[in-house]
Amino acid sequence: MNTSGFYLQIQLICVYNMNDNREKQICQVRMSCICIYFFSGQWAERVYTMITAKDLSFSYTGSPPYVLRGLNLMIKEGEYVSVVGENGCGKSTLMRLILKFLKPTSGSIATKAARVGYVPQKSDYSNAGFPITVYEALDSYRRLLKIRDKSVIEAGLQQVGMQAFAGALMGTLSGGQGQKILIARALMGAPDLLILDEPSTGVDIQSQQEIYGFLKGINQNNGITIVSVEHNLDAAVSNSTLIYHLTDGRGHLCSPKKYAQEFLGGKSGQGGVGNAAI
Amino acid sequence: MLQYSFMQNAVLVSVFISILCPSIGIFLVLRRYSMIGDTLSHASLAGVTLGLLAGQNPILGAFVFTSICGALIEFLRNYFKKYTDLILTIVLSLSVGTAITIISSGKLKANADSFLFGSILTVTQFDMIMVLVLSIISVLTLIILYHQMLYIAYDEEAARVAGVRVKLINYVFSILVASAISVSIRIVGVLVLSSMIALPVATALQLGKGFRVTLIFSIVFSMVDIMTGLFVSYYLNVAPGGFTALVSVAVLVVVLVGKTVQARLRARRAA
């Protein structure tokens, strides 16, 4: 029970023991206000929260040492959250828990998203020798999502400026080109939550600018909630609406400005990435 | 040659093998599971001996036992996550141990040797029906699960995010592998069966095309390998399995040489 629920109980006891009618009335009004606050808060929490983690702990062995320890996290709809932290602090583990690839050792994590888009780390998809063309990769994914309209492939490629590469083998694409295709694939079926694992790894500066600009655009214009594991702190500070900083299995949310002041010595990171459209 | 009914049966079964083996093999090769084909082909010998021991059709025996072994490999994956190659050794020990024990016991009423090397003469009418049924069911299942299996092989995590039931499909796939092996065991034989699963795919991969084209070329190369192996082995009076394996290696070498020559010609033109 949260704090407002606790006060509600106290007020009920007070009203029950009161003799003065006027005091009773005042108290009832105050109680109603608290009720409205309490229930509207609960309602808002339920409606506008995209990801909720409660006392989330995770260990790969099921026993200590824990990668994540008692995390409490609430990400609202429409946020662009960058998850940052040292190597091995549990960033990718948190992503895998959100995606339900892993089960929490204790606590819970849930998302409200009807459809989730996922862009894996480059090393995960690079599977360079796999004989698959860009069109095949998108077409098969379309069928997995049970989307009948074939035009979503063309539209997706157009969205990321990769129409000319439909017939190319995935293994022959550069890091930036491959990442754009994976973003187009993840956006297929109009997801409300987009999860990215280090989108700038192995991607040249020009492509990074294009990718981050595009992500910022779909977050602001289409309202897609984005959660991105980031090594690129400049990009995290420049583009996100919130930063989730993980250390020693614990994390806290803060604004990019505060994060920049605390950890980057006030450097805003504006020069790191641009907002060019793809 | 084709006026003999045994040869007609062999040709028909070979057509099914050349479609089914590379269609399954392409997923095994791309998932780096080629050795599963080898392990399960050895498991099929145990199934054959169990079938013969029980007085049942050996292909049916091979299908049932190989399916169980395929499911066992999938199941043991949960226990040996970091040593998946060890799973194959365990299943190989179980199946080869079973086969050798039954064969050496002398209780078999029929000869299991023809299943080791493959034989054209031994394809019976009931075998034909079994092969036909297994092939049709397997090809239909492959068509239905094509995109799911493609994505599990290419990007398993993306498949999971898209809602594919990866574990279930992996079990179904094990049964498909068992089916392809059971269909092929009569003609190709246990010892070289894995070559039918992997070599046409290895040859098609050299062409550097997309998935669908690679699959079609795998089937084409497989048909060339098996038909050449079948007809030449008939005239040379040797076991078709061994000769088919030799043809498939030869076709691979020809494609590799062709690819190298083409690359050099291109480089010369560019210079």
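Which residue is the bridge partner of A:Lys54 in β4(A)? In this predicted model, local features require pLDDT of at least 70 and side-chain atom pairs count only at pLDDT 80 or more, while totals for chains, interfaces and linings use all residues. Residues are numbered from 1 along each chain as its sequence is written, and chains are lettered from A, with ligands numbered from 1, in the order in which they are written.

The partner of A:Lys54 is A:Ser108. Strands are DSSP runs of E of at least two residues, and helices are runs of H or I of at least four, both numbered from the N terminus. Strand β1 (residues 49–58) of chain A is joined to β4(A) by five bridges, and the two run antiparallel; strands count as paired if DSSP finds at least two bridges between them. The order of this open, three-stranded sheet of chain A is β2-β1-β4, with antiparallel pairing. Because β2 (68–76) and β4 (106–111) of chain A each have a single partner strand, one side of each lacks a neighbour in the sheet.

A second open sheet of chain A contains six strands in the order β5-β6-β7-β3-β8-β9, with mixed pairing. Within this sheet, β3 (residues 80–85) and β7 (residues 225–229) of chain A run parallel and are joined by four bridges; A:Ser82 has A:Ser228 as its bridge partner in β7(A).

Chains A and B also touch: the contact (C-beta atoms, placed from the backbone, within 7 Å) takes 19 residues from chain A and 20 residues from chain B. On the chain B side, α6 (125–154), α7 (156–161) and α10 (211–236) each supply at least two residues.

Note on methods
Two residues are in contact if their C-beta atoms, placed from the backbone, lie within 7 Å.
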